[in-house]
Amino acid sequence: MKYTHFICAKCNGNTRTNHNSDSIADEIRNLNAKFDGFILNNHSEQNSIKTALDDIKNEMSSCFTEIRSDIKTCNDRINHVESNASSKLSDLQAEINLLHRRLNRADMLIGGLPAGIEDLLAPVLSLGTFFKVPISSSDISHVSYISKKAQILVKFNNVHARDCIMKEYFKTRSLKACDIMDGACRDLTNRVCLTFESIPRYFHLSSI
């Protein structure tokens, strides 16, 4: 059996309005679903980025730890090398000082003589004569000015000759320039000092 029905224009408009409302609701639900999906996807990407950053942070921390360890190892090695080098330099300096003393054990310094002496060997031989110590030019290997001609360095060929002169000098320590100088220098009364200590290791040799 067929039924017929009649919908007035007003009711028919309300029906279309309800249909449109349902469509809007569906669209809103679809938008909400898409937004939720976007949030979930974005959250997943954020987690991936956070995980990657954590991995980088851990790797950098591990690298920094290794670098600090390497720096400490290098620093320890440097300190060890420096300590050994310092010890070896000290030993070497002691050996140099010993060799210096041995090399210069027959040296003598004369201070207080004029700076313009042409024959430096003459006053040295006069020292032997004055102190009654027999020496000759063969007992002397080198004579020269040092310290800007303030002193005369005498290198004897043997320690005995030097020691004999120093022994006689220390008895009075009253040696004067006129005692060992000839000619016009006989009027010089300034004191002459003899020493064999603190002879400079490095000095500039002036020409005789």
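Student: What makes D76 and K72 a salt bridge?

Tutor: In this predicted model, where local features need pLDDT of at least 70, side-chain atom pairs count only at pLDDT 80 or more and totals for chains, interfaces and linings use all residues, the closest N and O atoms of D76 and K72 are 3.2 Å apart. A salt bridge is a side-chain nitrogen of Lys or Arg within 4 Å of a carboxyl oxygen of Asp or Glu, so the pair qualifies. Side-chain values use heavy atoms, with hydrogens and water left out, and residues are numbered from 1 along each chain as its sequence is written.

Student: Where do D76 and K72 lie?

Tutor: Both lie in helix α1 (residues 9–103), 4 residues apart, which is about one turn of the helix; helices (H or I, at least four residues) and strands (E, at least two) are DSSP runs, numbered from the N terminus.

Student: Why is D76 called partly exposed, and why is K72 called exposed?

Tutor: Buried means under 20% relative accessible area, exposed over 50%, and partly exposed in between (1.4 Å probe, protein chains only). D76 has 39% relative accessibility, so D76 counts as partly exposed, whereas K72 has 53% and therefore counts as exposed.

Student: How do you know that D107 and K155 form a salt bridge?

Tutor: Their closest N and O atoms are 2.8 Å apart, and that distance makes the pair a salt bridge. The pair links distant parts of the chain, with D107 in strand β1 (residues 107–111) and K155 in strand β3 (residues 151–156), 48 residues apart. Both D107 and K155 are buried.

Student: What makes K171 and E168 a salt bridge, and why is K171 called exposed but E168 partly exposed?

Tutor: Their side chains meet at 3.1 Å, N to O, in a salt bridge, and both residues lie in helix α3 (residues 159–172), 3 residues apart, about one turn of the helix. K171 has 56% relative accessibility and so counts as exposed, while E168, at 24%, counts as partly exposed.

Student: How many salt bridges are there by this rule, and how many helices and strands does the chain have?

Tutor: The rule gives 4 salt bridges, and the chain has 4 helices and 4 strands, running α-β-α-β-β-α-α-β from the N terminus on. Of the 208 residues in the chain, 22% are buried.
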